[in-house]
Amino acid sequence: MHTRGWIVLCGTLLLWLTTTAAAQTVRLVTLEWPPYVGKTLPHEGGSAAVVRAAFKEVGVDVSIEFMPWTRALKTGSYGKGYAGYFPAYRGDERSKVSLISEPIGSSPLGMARRADRSITWRNLDELGSFRLGVVSGYINTAEFDRRVSEGLLQTDIAPSDESNLKKLIVGRIDLAVIDRNVFDYLLRTQPTLTTHREELLFDGPLLEDKPLFVYFQRNADGERLRQLFHQGLTRINANKVFYSAVAEIH
């Protein structure tokens, strides 16, 4: 073969190797939502640990960037060089734009109350007389939010879950809508709440155990990564990986 031919062949091989290597690192975006994801958390949070473990099973590394959620949705869905975003609830509009994965875990959404005040309820019809703390901008459940919009449930809006729990401690609300894992995390780590750990309980039926997903960009590479991710998920115990990571948070 002529020298020029060898140069072309070597150049082509180098390009193939570079492309292949680059394909082995996937860039995903997320938000600060401990203990599911957090930049300073061990393993960057329980959900991040699950995503990394699944991809590791198929030889793919994961690079995670943290952004405000609105920006994360846009970047993960359309950003050049990015593959997707997580952890996200299922949404009709999201699923039109992006490719949804198999579940990577779930978000058990329910109610917190004061330990010294017993409130027994079985369905939303029994909550009409109570003051319910919710967080501004959060989606709760379709049925809960519908009842709020129709004036059937009384809500008190807080800027954060932590603020909501503080309201519960001082008796400004009767119940606080919150994710059970977030509830446990806040009572374990936030100085303003740790001294009140014995005063609060996560209690009663769940409003919903919301599945969490990775959304991949709707293109050929996104579909390829989704299939690889699904292969990896079948090889791990996602719940075990999640709670092992969360147990390291102090």
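This is a predicted model: local features need pLDDT of at least 70, side-chain atom pairs count only at pLDDT 80 or more; totals for chains, interfaces and linings use all residues.
Q: Leaving aside neighbours within four places in sequence, with which residues is D161 in contact?
A: Residues are numbered from 1 along each chain as its sequence is written, and side-chain values use heavy atoms, with hydrogens and water left out. Contact means heavy atoms within 4.5 Å. On that basis, the partners of D161 are V135, Y138, V177, I178, V182 and L186.

Q: Is D161 buried or exposed?
A: D161 belongs to helix α6; helices (H or I, at least four residues) and strands (E, at least two) are DSSP runs, numbered from the N terminus. A residue is buried under 20% relative accessible area, exposed over 50%, and partly exposed in between (1.4 Å probe, protein chains only). The relative accessibility of D161 is 10%, so D161 counts as buried.

Q: How much space lies in the largest pocket?
A: Rolling a probe the size of a water molecule over the atoms shows where empty space is left. On a 1 Å grid over the protein atoms alone, a cavity is a set of points where a 1.4 Å probe fits but cannot get out, whereas a pocket is an open set with protein on both sides within 12 Å along at least five of seven lines; lining residues have an atom within 4 Å of a point. Grid points are joined across faces, edges and corners, and a volume is the space filled by probe spheres set on the points. For the largest pocket, this space is about 610 Å³.

Q: Which of the residues that line the largest pocket are the closest to its centre?
A: The lining of the largest pocket has 28 residues. Elements that give two or more residues to it are β3 (84-88), β5 (105-114), β6 (131-135), α6 (161-170), β8 (175-179) and α7 (180-189). The residues closest to the centre are L31, W33, Y89, Y138 and D161.

Q: How many residues of the lining of the largest pocket are charged?
A: Ala, Val, Leu, Ile, Met, Phe, Trp, Tyr, Cys and Pro count as nonpolar, Asp, Glu, Lys and Arg as charged, and the others, Gly among them, as polar. The lining has 19 nonpolar and four polar residues. The number of charged residues is five.

Q: Which residue caps the N-terminal end of α7?
A: Helix α7 is mostly covered, with seven of its ten residues buried, and N181 is one of these buried residues. The backbone nitrogen of N181 lies 2.7 Å from a side-chain oxygen of the capping residue. That residue is D179.

Q: With the side chain of which residue does the side chain of D174 make a polar contact?
A: D174 lies in the loop between α6 and β8 and is buried, at a relative accessible area of 7%. A polar contact is a pair of N or O atoms within 3.5 Å; within protein, one must be able to donate a hydrogen and the other to accept it, and residues adjacent in sequence count only if both atoms are side-chain atoms. A polar atom of the D174 side chain lies 2.7 Å from the backbone nitrogen of R131. The side-chain partner, at 2.3 Å, is R117.

Q: How many residues of α2 are buried?
A: The buried residues of α2 pack against β1 (25-30), β2 (61-66), β3, β9 (200-217), α9 (220-233) and α10 (238-246). S47 lies in this helix and is buried, with a relative accessible area of 2%. Of the eleven residues of α2, the number buried is nine.

Q: Which residues does a cis peptide bond with omega about -20° join?
A: Another cis peptide bond runs from P34 to P35, with omega near 10°; P35 is in the loop between β1 and α2. The bond with omega about -20° involves P87, a residue of strand β3. The residues joined are F86 and P87.

Q: What is the mean pLDDT of the protein chain?
A: Of the residues in the protein chain, 91% reach 70 or more. Over residues 3-23, however, the pLDDT is below 50, and this stretch has two contacts in the model beyond near neighbours in sequence. The mean for the protein chain is 91.

Key
pLDDT is the predictor's confidence in each residue, from 0 to 100.
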